[in-house]
Amino acid sequence: MFMEKDKTTQLLELRSSVIKDTYDKQWKEVWFFPMFKEVPEVNGYLGTKSIMFVAFNPSFGKYPEKKIIFYYQNLKDVGFFNAHLTDCFKIKKVGNTTNKSFDVEETYNAIEILKKEISIISPKMIVCVGRDAETFFKKNFSSVGPEYLPHYSQRIPGKRYKSRDQFVKEFTEEMQKIRNKYDKILQSKTNQKSL
């Protein structure tokens with residue numbers, strides 16, 4: 001009798017194929033959101049809850065960086081322990097991370113990999129983390145209306161945020177809004193089933 005593979009097994013197989021095709025064959029460095037000992041409750045890429053958080057692409061920072069721990073802590077604080085965390089592109093790129101920094105083949109592969117992740121997770125909600133991810137997602141997945149969350153790396157003061165505290169406050173509030181919307185979606189699905 002055929003047994004369907006669980007989501008974690010499917011994600012592990014997909015990750016292995018990306019590593020094989022991208023790193024082993026092309027020598028392009030790849031990265032997936034891991035589980036960190038600093039916030040062990042958050043499963044990162046291996047999260048299987050029906051919500052996906054999609055950033056644009058991994059940086060060449062050192063892990064675990066404070067900004068990623070901040071992101072994971074916020075996910076934990078609102079109860080998204082098992083959310084699926086991923087990037088549009090799994091390839092690490094130096095410098096400018098606009099859509100133009102990836103060639104046609106890399107873009108096609110990124111879209112196909114994301115389609116597979118979406119198929120595995122069957123998300124009730126997709127959250128784009130940062131404007132680059134939102135732009136890429138809307139351009140290539142027009143049938144899906146993603147939610148938006150500011151990128152967690154913006155905790156350093158800049159044009160939009162005058163202070164780190166202002167960013168932390170807004171990011172935390174936005175994460176809570178995502179949680180509230182997600183809960184409403186789950187509640188409406190439950191109510192539809194009971195009718």
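Phenylalanine 53 stands opposite valine 127 in β3. The model is predicted: local features need pLDDT of at least 70 and side-chain atom pairs count only at pLDDT 80 or more, while totals for chains, interfaces and linings use all residues. Residues are numbered from 1 along each chain as its sequence is written, and side-chain values use heavy atoms, without hydrogens and water.

Strand β1 covers residues 51-55; strands (E, at least two residues) and helices (H or I, at least four) are DSSP runs, numbered from the N terminus. With β3 (residues 125-129), β1 runs parallel and is joined by 4 bridges. Methionine 52 has isoleucine 126 of β3 as its bridge partner. A further 4 bridges join β1 to β2 (residues 84-87), again in parallel, and here alanine 55 stands opposite aspartate 87.

## The sheet

The open sheet has 4 strands in the order β2-β1-β3-β4, with parallel pairing; two strands pair if DSSP finds at least two bridges between them. Its edge strands, β2 and β4 (147-149), each pair on one side only.

## Burial and the nonpolar cores

Are the residues of β1 buried or exposed? In this strand, 5 of 5 residues are buried, where buried means under 20% relative accessible area, exposed over 50% and partly exposed in between (1.4 Å probe, protein chains only). Ile51, Phe53 and Ala55 lie on one side, and Met52 and Val54 on the other.

A nonpolar core is a set of buried Ala, Val, Leu, Ile, Met, Phe, Trp, Tyr and Cys residues joined through side-chain atoms within 4.5 Å. The largest one has 28 residues, and Ile51 and Phe53 are among those that touch the most other members. Two or more residues each come from β1, α2 (66-77), β3 and α5 (164-194), and α2 gives the most, with 6. Apart from this core lies another, of 26 residues, including Val54 and Leu114.

## Helices α3 and α4

Helix α3 (residues 104-121) and helix α4 (residues 131-140) pack at about 85°, with their axes 12 Å apart. Axes are lines fitted to C-alpha atoms, for helices over the stretch in contact, and angles run from 0 to 180 degrees between N-to-C directions. The two helices are therefore roughly perpendicular, a term for angles of 65 to 115 degrees.

In this contact (heavy atoms within 4.5 Å), residues of α3 including Ala110 and Leu114 meet Phe136, Phe137 and Asn140 in α4.

Conventions: Parallel < 35°, antiparallel > 145°, perpendicular 65-115°, else oblique.
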